[in-house]
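Come along and follow the entries with me.

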Amino acid sequence: MVEIGEPVRTLAYGSWPSPVGAALAAAHDGRPDDVGFVGEEVWWTEPRPAEGGRRTLVRRHPDGTEEQVLPSPWNVRSRVIEYGGRPWAAVATDSGPLVVFVHFADQRLYATRPGGAAPRPLTPRSAVGGGLRWVEPQLRPERGEVWCVLEEFTGEEPTDVRRVPVAVPLDGSAAEDRAALRELTGERHRFVTGPRVSPDGRRAAWLAWDHPRMPWDGTELVVAGIGPDGTFQDARTVAGGPEESVAQVDWAPDGALLYASDRTGWWNLYRDGQPLCARDEEFGGPLWKLGQRWFAPLDSGPIAVLHGRGAAVLGILDPQTGEVVDAAGPWTEFAPTLAVLGERVAAVGAGPHSGYEIVELDARTGRARVIGSPHQDAVDPAYYPRPEIRTFAGPDGRDVHAHLYPPHHPGCRAPDGTLPPYVVWAHGGPTSRSPLVLDLEIAYFTSRGIGVAEVDYSGSSGHGREYRERLRGQWGVVDVEDCAAVALALAEEGTADRRRLAVRGGSAGGWTSAASLAATDVYACGTVIYPILDLTGWGTGETHDFESQYLEGLIGPYAEVPERYAERSPAEHADRVTAPFLLLQGLDDVICPPVQCERFLARMAGRGVPHAYLAFEGEGHGFRRAETMVRALEAELSLYAQVFGLERPDVPVLELKP
């Protein structure tokens, strides 16, 4: 705590002491998700970085107390399409809640009653490829079943896979018998979401799409009747297509079909094909995980929605008037998970000065309050960054959106006439965006006197389809240009030190970071985290099925432009990389596998460029273990300290090898 009246010290940018340590940032990494109602209770999943990075299931009792439903080692997380999706469902019964969930270690579906016997498996194992995986469970106790999406590997290759809605018996009869699983439809698409059942139980609706499309390119909205035997009949496409993305579907209480489509260039809501609130803003988003929800209909007719441009806030939409009334409170960003019960809306919200927490909105009164996983200041909020929303001019005058986090410390200032180092953060995806929320990883740098600029480069979501499609055929070009434009603009306006700029990103952001080091001389160094580095390899068998043809849109069809795959790849141009870099990789990553890093490093060998490679056992795509996150963050700071000439005795010195 900084005491009033304490003198402000003058110290060089980047050398400020800070109470925001790497362990503190790691302990607050991740967010609650997958919110739902079980009877009158609100339940959700929550990360446990200190417990090997597992996710647990939490329930909020009527008296407000929280209880962990599943102790270690149970890990509630699906691997369907590798990014997963909603991994649990539960219903209240006379004998207590009945819970079904996906356990990460074996991807089987389990059933349990809290406080009772150990969870029992409902689905069988398979020794073929990645086995059997499950997501979006929906309990159908009247049928004695749980309906899910099954991802079944049919061979050893990542693309030897099929997906289909399936009914799983709740009595456990399928636990050792694949034949006891009942497929719900003969309709075949490469990708499907979980079916939503109409209020009268007679129809089902789901989304489907096929390679080479990604779900934000185009999806089909499929509706089918549900026969007496519970199978889907007479399936037909009622909306969507190759160039229309339907992001979510649901049913209104009166049986009308609700969905979010970007047919106008923005994801807007439709009721039986008619627009409900035509606006140039998003009421949906990119479907990276199955079961994401941007809207949820209330029993009384209104619809809880997440909407906005560049951010998603919670509101209540009146479908009769098109009016949206937003929830009052400090939350400026909501995750795409919603649940409703009567007039109650449960959501996961955050703001620039608070992390994600469980929020409940009373749709009748408009009152919103925190009911679970409440944000608690781990340090004096005076050390939190103070973000600025900026729009910069990119090449050809195009807008480039960014969040700026200047260095900030309540007890330190820099000498007059000096400028701070800045790190440009490129988000993953690349069809994603940077949420404007409190992130202690950002505070880790800004409180030490290092600025951060998060760039929503061309291709980011939240700004309409036209902005997203700027990246079509241009990945590795416009994303690199936009990040460089922001970095150079900060230097030109006197915000950042031109000689001390860095670039950093993970996954697709790792690609942009590496491509930036290979294609520009803007940055003094870079941090590249579980990246894509070799497009030819990644696009021809080195990644998982979901993204195996993503490059068809981002780069172009490989059969037509193979030279473009080589020309854009940092691994093919290691000779152009002259700035020091840190490479971070999970050894269990099947999305961006370690072979990509190894190939790149082999081509860097002997070139004399200072670098470090840290590879972590047991980590996949996205670090989840506290010890990994601490090591990675301290190594990153040490890189900047060495390159920027900073005094940082508080972190181990990262060994940079030539």
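**Cavities**

I began with the lining of the second largest cavity, which divides into ten nonpolar residues, two polar and one charged. I counted Ala, Val, Leu, Ile, Met, Phe, Trp, Tyr, Cys and Pro as nonpolar, Asp, Glu, Lys and Arg as charged, and the others, Gly among them, as polar. This is a predicted model, where local features need pLDDT of at least 70 and side-chain atom pairs 80 or more, while totals for chains, interfaces and linings use all residues. Residues are numbered from 1 along each chain as its sequence is written, and side-chain values use heavy atoms, without hydrogens and water.

By cavity I mean a set of points on a 1 Å grid over the protein atoms alone where a 1.4 Å probe fits but cannot get out, with lining residues having an atom within 4 Å of a point. I took volume as the space filled by probe spheres set on the points, which are joined across faces, edges and corners.

The second largest cavity holds about 50 Å³. Of its 13 lining residues, G429, S507, I532, W538 and E547 are the closest to its centre.

How much space lies in the largest cavity? I noted about 150 Å³. Its lining includes W216, R468 and Y550, and divides into six nonpolar, two polar and four charged residues.

**A sheet**

I then found an open sheet of four strands in the order 23-24-25-26, with antiparallel pairing. Strands here are DSSP runs (E, at least two residues), numbered from the N terminus, and two of them pair if DSSP finds at least two bridges between them. Strand 23 (295-297) and strand 26 (324-326) are at the edges with a single partner strand each, so one side of each has no neighbour in the sheet.

How values were computed:
On a 1 Å grid over the protein atoms alone, a cavity is a set of points where a 1.4 Å probe fits but cannot get out, and a pocket is an open set with protein on both sides within 12 Å along at least five of seven lines; lining residues have an atom within 4 Å of a point.
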